[in-house]
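The following note sets out points for a colleague reviewing this model. Please read it alongside the sequence and the coordinates.

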Amino acid sequence: RTLRSSGKLARTVAKWGREAMLSARVVHCKGFLHSFGSPRGVFALSSRLPVRSFAAKAQEDALPLEKLRNVAIIAHVDHGKTTLVDQLMKQSGMGLKVTERMMDSKDLEQERGITILSKATRISWNGYIFNIVDTPGHADFGGEVERVLSMVDGVVLLVDAVEGPKTQTKFVLQKALKHPKMKPVVVINKVDRPLAREPGEVENDIFDVFAQMATNDDQLEYPTLYASGKAGFCARSMEEATSEGRPTTMLALYETIRDHVPPPQPSVQDQAILDADEKCQGFSMLVSQLDRLPALGPTVTGKVFSGQLQKGDKIQCKSLDGEVVSSGKVKEITVVHGVTREPIKKATAGDIVSVSVTGFTPKWTQTLVSHTKVPSVECQRIDPPVIAVRASVNDSPLAGKDGKYITMNSIGERLEKEALTNPAIEIEVSPNRDYFEIRGRGEMQLGILIEEMRREGFEMTLSSPSVVKTKGDDGVLMEPWENVQVEVGINHGSSVIDRMSVRGAKVNDMNTVGDRQTIHLEASTESMLGMRSWLRELTGGTATVVSDFLELRPQGPPLPKDRNGVLVANTAGIATAVDLGKAARLGKLFVGEGVEVYPGMIFGENNSQADIDTNISRKHDGYQSAAGFSPPAEKRLEEALTYIAADEKVEVTPKRIVMRKAILDPNERKVAAKHAAKGA
């Protein structure tokens, strides 16, 4: 039979294709050697035209599980996680132009040299796909670690060749080994540092940590590699790593991940679910990471636990209890290949992908499913927030001069967006909507959030941090307690014990290795406020503090006051060197010459317990010379937050971080203090 138009031919072939896909068979069109569309026979069909079924096409697009590895990089702060990931991307053969600390895309990550957000990237190597997740090393961002470990089957633990396993190393490793099937790989990094320790010493310390935290004996059978992320090489022994003929690539790490970390094992759905959901085969994915990406909208990144998914498929969202809470459609499916986000045709079980949805916004601990019969994915509980600050509009005399966003509505919208994408942040609105309570895991985490908002153009006033307390079943007020590990020089250990004992902490253990001392404590969260800033000043920045939520206990007695009074400006104007020189005799200065001040603004710390109001912005005729005084001790945001007392606030703008009294007028402060004393 002759078809006389190419349009009719296309429609006919399309019809055959649809019929073939529905019947899931391969159709062979035989004997079609006739001419179509022209009398000269220039258009012909082959005698054998296969049309693949949907199932066959899905199998072709599916990524072979045996070629897939999901692994997270965990380590103590500054042990080289991000630099190691840079080398893995650079040497993968993908042709990437890698810059230093490429995965740390946020400005604050680059400035402080820490990883704040967990990030997943896909690396192609020798026919294998490695989904690698870079995680934070600081305990305040432990929520980032907890939520990504459910996506991976193995972890690469990085340990500094000189420092050995640190307190935060143990923190992140403990989170990982809670998963009994997790396969660890140990990499001793920076082996080219000159101050190497005795052979086997670091390895023994690492094994002791594993012996304390492993959930089964299999986790003790881990391979150990020796590397330099900066130099870009990895070896299987210390002798090989320090020899003249040492490797020049990361090949040993690639091969160890391939051989030691198992491919993902997808969950097997019941046959009833497979029959009811033939297309997606019971797709399920836990909301492990949530972003709002430009042009894509709400985007969930996580591991596909079962089934498969394509763009345009219908999707539901289930709570942990199995209740369908929302539904919509898949807008796009993407992966981050190197540092570039690319769309893919299909998400398959075992892979780590990003699914952008329309019609709803998922939330943490929820599960994306393709059918109502698909069960929710279980997830580990994230430690609750323990401290809170109250953010309100900036009401100082200088309000509105620096920022673009100064209203309660704009502050609230930004905080809601943060709570959407950050599982460890909670936002509570006051009954009168005159402040927002921001709850988090630690001073640094809250400080990072406020610093980001400040750089975005927000102005606000912050209260002193308070501890998140709850009432027990018997009506007793409960406060959080923490397991704390403090690592300091041996000459500072006694000072730490004395200070924490006065604050009601209990010393459980104390270890000394060389000139470093590790103190294990149980302390209330309230007693830890300001502890990190105090340790930084005491030790010159060499101390390390790691805390982990322990339990709720009945509220203890109020803590003793251990801060001196403050120096407060009583006149508006510009701080002068002459007046600052005089004020320096009273105590320590926080501001320098030329800073605009206003009544109630704190500019220094008094040498005694009392507050002093004084003028530092007088106009001088030039006859008086400025007295010499030390440079001002300016405070970072988290330092200012933990420094202020209950009757003080921190003013935050894009150009200023200053401390002030909550009541600016000195006379009104005196009246309020008298009323407070009578009430007490």
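1. Overall make-up. The secondary structure of the protein amounts to 18 helices and 35 strands; helices (H or I, at least four residues) and strands (E, at least two) are DSSP runs numbered from the N terminus. This is a predicted model, in which local features need pLDDT of at least 70 and side-chain atom pairs count only at pLDDT 80 or more, while totals for chains, interfaces and linings use all residues. Residues are numbered from 1 along each chain as its sequence is written, and side-chain values use heavy atoms, with hydrogens and water left out.

2. Of the 680 residues of the protein, 50% count as buried; buried means under 20% relative accessible area, exposed over 50%, and partly exposed in between (1.4 Å probe, protein chains only). Among contacts (heavy atoms within 4.5 Å) with a separation of 6 or more, 71% join residues 24 or more positions apart. The protein exposes about 32,000 Å², of which carbon and sulfur atoms supply 50%; the areas come from the Shrake-Rupley method with a 1.4 Å probe, and for residues only the protein chains shown count as cover.

3. Largest nonpolar core. A nonpolar core is a set of buried Ala, Val, Leu, Ile, Met, Phe, Trp, Tyr and Cys residues joined through side-chain atoms within 4.5 Å. The largest has 32 residues, and Ile 188, Ile 206 and Phe 210 touch the most other members. At least two residues of this core come from each of strand 1 (68–75), strand 4 (154–160), helix 6 (167–177), strand 5 (183–189), helix 7 (201–213) and strand 7 (233–235). Leaving aside residues up to four places away in sequence, the contacts of Ile 188 include Val 159, Val 202, Ile 206 and Leu 225.

4. Ile 438 is found in strand 20 (residues 436–440) and is buried, with a relative accessible area of 0%. Ile 387, Val 389, Leu 415 and Leu 449 are among the residues that Ile 438 touches, not counting those up to four places away in sequence. The C-alpha atoms of Ile 438 and Leu 449 are separated by 9.8 Å, the two residues being eleven apart along the chain.

5. Largest pocket. On a 1 Å grid over the protein atoms alone, a cavity is a set of points where a 1.4 Å probe fits but cannot get out, and a pocket is an open set with protein on both sides within 12 Å along at least five of seven lines; lining residues have an atom within 4 Å of a point. Grid points are joined across faces, edges and corners, and a volume is the space filled by probe spheres set on the points. The largest pocket holds about 1,500 Å³ of space. Of its 47 lining residues, Arg 563, Thr 642, Tyr 643, Ile 644 and Ala 645 are the closest to its centre. Helix 18 gives the most to this lining, with five residues.

6. Backbone. Which residue in the loop between strand 9 (289–293) and strand 10 (297–306) deserves a check? Ala 295 is found there, with a positive phi of about 70 degrees although it is not a glycine. Ala 295 counts as exposed, at 72% relative accessibility. Thr 365 likewise has a positive phi of about 70 degrees without being a glycine, and is partly exposed, at 35% relative accessible area.
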